[in-house]
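Hi,

Here is the model I promised to pass on.

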Amino acid sequence: MSGHKNENNNLPPYNIFQKFPSQITLKFIGKSDNVNKNMKKALITGITGQDGSYLAELLLTKGYEVHGVIRRASTFNTNRIDHLYHDPHINGTKLFLHYGDLADSVQMVKLLYDLKPDEIYNLGAQSHVRVSFDIPEYTGDVTGLSTVRLLEAIREAGLAKKTRFYQASSSEMFGKVHEVPQCETTPFHPRSPYGCAKVFAYWLTVNYREAYNLHASNGILFNHESPRRGETFVTRKITRAATRIKLGLQEKLFLGNLDAQRDWGYAKEYVEVMWMMLQQDQPDDYVCATGETHTIREFCEECFGLLDLDWTQYVAYDERYERPSEVELLIGDPTKLKRQIGWEPKIKFQELIKIMTEADLELAKQELAHQEVIAHLKEQKK
């Protein structure tokens, strides 16, 4: 998209789309001319995802000019940030979206030359662990190699002294854990193509920090959830199914390993850590976690219990959701994060599930109301 040449040479290339409730159009705009040049400027890959949308919200409240990279597609998946987006021609607009792909290094260099961001948050990835076994090469490309593309783009654009870089690392890197709990010095032993790709990206970030003196940091975030979590991830799959079952919209929920233990936190809080890490004088690597671990079985029990349902009556086993190699136990030790940055989580396991269940119950009610309207209209046509 960025390579398109306009027939009218007075207009810059189009690289930002605009979305309205009733229509979608492409906007011809330049370098965000209506924005205060003294604002801090941030670039977010994966801005349409759970973490990207929360981070964009946070940075906008802090007065940043925020730029996000989105992939060109025939359908739009920007629902998580639609409430933030405004016409770039309006004075005061601070969010801009650019077509791009983490597999395209040339486009990333061009984008950094143009934007010269103060901060880059690399959140984009193929982030579904089970799916990474089905598409390992693609996962390695966009989850692992994308990091070196961005780090090299920083150097190529002459931004090594200006731009601070955040790499979204993952607790999946610990895999077959060597100690409990896991901290910054725990050896990695990944158990999935996703985990392997994240280890590669982690060490690249460390290497570029040491070799080129980049302000580049790894946030080793343990599982973090919210109502914006994708519906194919197990936590959201549970809260979505339980609320639909409560309203008679679904009969069963099929899951894989119920005994896997995870350290679950609230994504909206975890993006604060990302920002705080890049405000430090020195770059470093931090574990971000709650310090608690719970099984998927416990998650089901808590969620269904909030709805006065017995989860054992509705949850069934399906071996297709098992991973070829499982990560049995993850629990993080966020001591360093608390000591050096002063952050600790406020939302823990039970409150997190309550937030997600209440949000999905409202969504299920809307779905039921829509079905009732459709049924009524069909009845009227008879």
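Below is what turned up when I went through it.

First, some housekeeping: this is a predicted model, so local features need pLDDT of at least 70 and side-chain atom pairs count only at pLDDT 80 or more, while totals for chains, interfaces and linings use all residues. Residues are numbered from 1 along each chain as its sequence is written, and side-chain values use heavy atoms, with hydrogens and water left out.

Let's start with strand β6, residues 119-122. Strands here are DSSP runs of E, at least two residues, and helices are runs of H or I, at least four, numbered from the N terminus. On one side β6 shows Glu119 and Tyr121, on the other Ile120 and Asn122, and all of these are buried (buried is under 20% relative accessible area, exposed over 50%, partly exposed in between, with a 1.4 Å probe and protein chains only).

As for neighbours, two strands pair if DSSP finds at least two bridges between them. Strand β3 (residues 41-45) runs parallel to β6 and is joined to it by four bridges, with Ala42 opposite Glu119. Strand β7 (residues 164-170) is also parallel to β6, again with four bridges, and there Tyr166 is the bridge partner of Tyr121.

Next, the rings. The whole structure holds 12 aromatic pairs, where rings of Phe, Tyr and Trp (its six-membered ring) pair if their centres lie within 6.5 Å; planes under 30 degrees apart are stacked, over 60 edge-to-face, and the rest tilted. One of them is Phe188 with Trp203: the centres are 6.3 Å apart and the planes are at 65°, so this is an edge-to-face pair. Phe188 sits in the loop between β7 and α5 (193-212), and Trp203 is in helix α5, 15 residues apart. Phe188 is buried at 19% relative accessible area, whereas Trp203 is partly exposed at 48%.

Arg155 has its charged end over Tyr212, 3.8 Å from the ring centre, and Arg228 lies over the face of Tyr54 at 4.1 Å.

Now the cysteines. How many disulfides are there? The count is zero, taking a disulfide as a pair of cysteine sulfur atoms within 2.5 Å. For Cys288, the closest cysteine sulfur is in Cys183, 14 Å away, so that is too far for a bond. Cys303 has its closest cysteine sulfur in Cys300 at 7.5 Å, also too far, and Cys303 is buried at 0% relative accessibility.

Cys288 itself lies in strand β13 (residues 285-288) and is buried at 1%. Beyond its neighbours within four places in sequence, Cys288 contacts Ile220, Leu221, Phe222, Tyr270, Val273, Leu337 and Trp343 (contact means heavy atoms within 4.5 Å). Trp343 is 55 residues from Cys288 in sequence, yet their C-alpha atoms are 9.1 Å apart.

Cheers

Key. Lys NZ or Arg CZ within 6 Å of the ring centre and 35° of its normal.
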